[in-house]
Amino acid sequence: MTQSLIQGQNLSKVYGTATGPLVALDDVSFHIEEGEFISLVGPSGCGKSTLLSILGGLEAKTEGTLVVGGKHHDAPRADIGMMFQTSVLFPWRSIRENVRLPGLILGLDKRQQAQRSEELLDMVGLNGFGDRYPGELSGGMRQRVGLARLLAHDPRMLLMDEPFGALDEFTRETMNLELLRIWEKTRKTVIFVTHNIGEAVFLSDRVFVMTPRPGRLEGIVEIDLPRPRTTAMMRDPRYSELVFEIRRMLGVDH
Ligand SMILES: Nc1ncnc2c1ncn2[C@@H]1O[C@H](COP(=O)(O)OP(=O)(O)O)[C@@H](O)[C@H]1O
Ligand SMILES: [Mg+2]
């Protein structure tokens, strides 16, 4: 039997707060295969970011076991890249220098990183912008820089927390297509948090549906739309069926 890349078993997270313990995740179990594109969907406060932080080793689980690549996992690791709703870019560093930052921190080969950062800027459609500064870029372009930086140290897993959530609909759609194009090429394992059900269906191999009862994994929906995905598939009856199946699980259909 081959082992899954990520195995979470009976994971729970309880935060200590001023008003007492708060259960953010309750007995969550799942497995994720290498190269899969997984989305986590659920209403705000259901524990998506908490689960992602535990997967990234930024937050400690309270109970359960988490095995990544055959090893127990409870600390930040270099083979993970994280991206958030707004990319924190250093305003006094050029776009190129911002992309090179993870490699610099990890002490990777400078020449290789220099070449890689140019390739990545190309890949995310920012060819020619390397010498610009973050203040000169739109929100969408800043997230492109964030995407290039995410890939800079060639992580095995990409953990993305509503990375396009602050972008307008059109830019978001472009970024989704861009992300899928990069994913098809690199086949990294992606765990993508969103509260946009359509986005989750469009991108994913499987969607983890979370509900606030509190912090439960309600179910997992297999997305059997063919790849590569195209925006025309959003008119496919199967796409709507999958969206409505998830809506039903979330209890948002009345
Ligand atoms: N550091 C923290 N301390 C205390 N409570 C927290 C902390 N982080 C998150 N929470 C609480 O845990 C629950 C889940 O939060 P979160 O994982 O951020 O949800 P989501 O990302 O789905 O919106 C929420 O009720 C939130 O208020
Ligand atoms: Mg969140």
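Me: What makes α1 stand out in the shell around ligand 1?
Reply: In this predicted model, α1 gives three residues to the shell around ligand 1, and that is the largest share. The elements that give two or more residues to this shell are β1 (6-17), β2 (20-32) and α1 (48-55). Among the residues around the ligand are Y15, T17, L22, G47, K48, S49 and T50.

Me: How do you know which kinds of residue make up the shell around ligand 1?
Reply: The shell divides into four nonpolar, seven polar and one charged residue. Lys counts as charged and Gly as polar, and the residues around ligand 1 include K48, G42, G45 and G47.

Me: Why is it said that β1 and β4 pair?
Reply: Two strands pair if there are at least two bridges between them, and β1 and strand β4 (residues 63-68) have five, in the antiparallel sense; therefore they meet the condition for pairing. Within this pairing, Q9 stands opposite T65 in β4, while S12 has E63 in β4 as its bridge partner.

Me: What makes β2 and β5 edge strands?
Reply: The open sheet has four strands in the order β2-β1-β4-β5, with antiparallel pairing. Each of β2 and β5 (71-72) pairs on one side only, and this makes them the edge strands.

Me: How do you know that α2 and α4 meet, and what is the hand of their crossing?
Reply: Residues are in contact if their C-beta atoms lie within 7 Å, and by this test I95, N98, V99, L101 and P102 in α2 meet V145, A148 and R149 in α4. These residues divide into six nonpolar, one polar and one charged. The axes of helix α2 (residues 95-105) and helix α4 (residues 139-151) come within 7 Å and cross at roughly 35°, and the crossing is right-handed.

Me: Why is the chain called as compact as a globular protein of its length?
Reply: The chain contains seven helices and ten strands. Its radius of gyration is 18 Å, close to the 18 Å that the globule rule gives for 254 residues, so the chain is as compact as a globular protein of that length.

Key
Residues are numbered from 1 along each chain as its sequence is written. Chains are lettered from A and ligands numbered from 1 in the order in which they are written. This is a predicted model: local features need pLDDT of at least 70, side-chain atom pairs count only at pLDDT 80 or more; totals for chains, interfaces and linings use all residues. A residue is near a molecule or strand if its C-beta atom, placed from the backbone, lies within 6 Å of it. Axes are lines fitted to C-alpha atoms, for helices over the stretch in contact, and angles run from 0 to 180 degrees between N-to-C directions. A crossing is left-handed if the near helix is turned anticlockwise from the far one by less than a right angle, and right-handed if clockwise. Two residues are in contact if their C-beta atoms, placed from the backbone, lie within 7 Å. The radius of gyration is taken over C-alpha atoms; the globule rule is 2.2 Å times the number of residues to the power 0.38.
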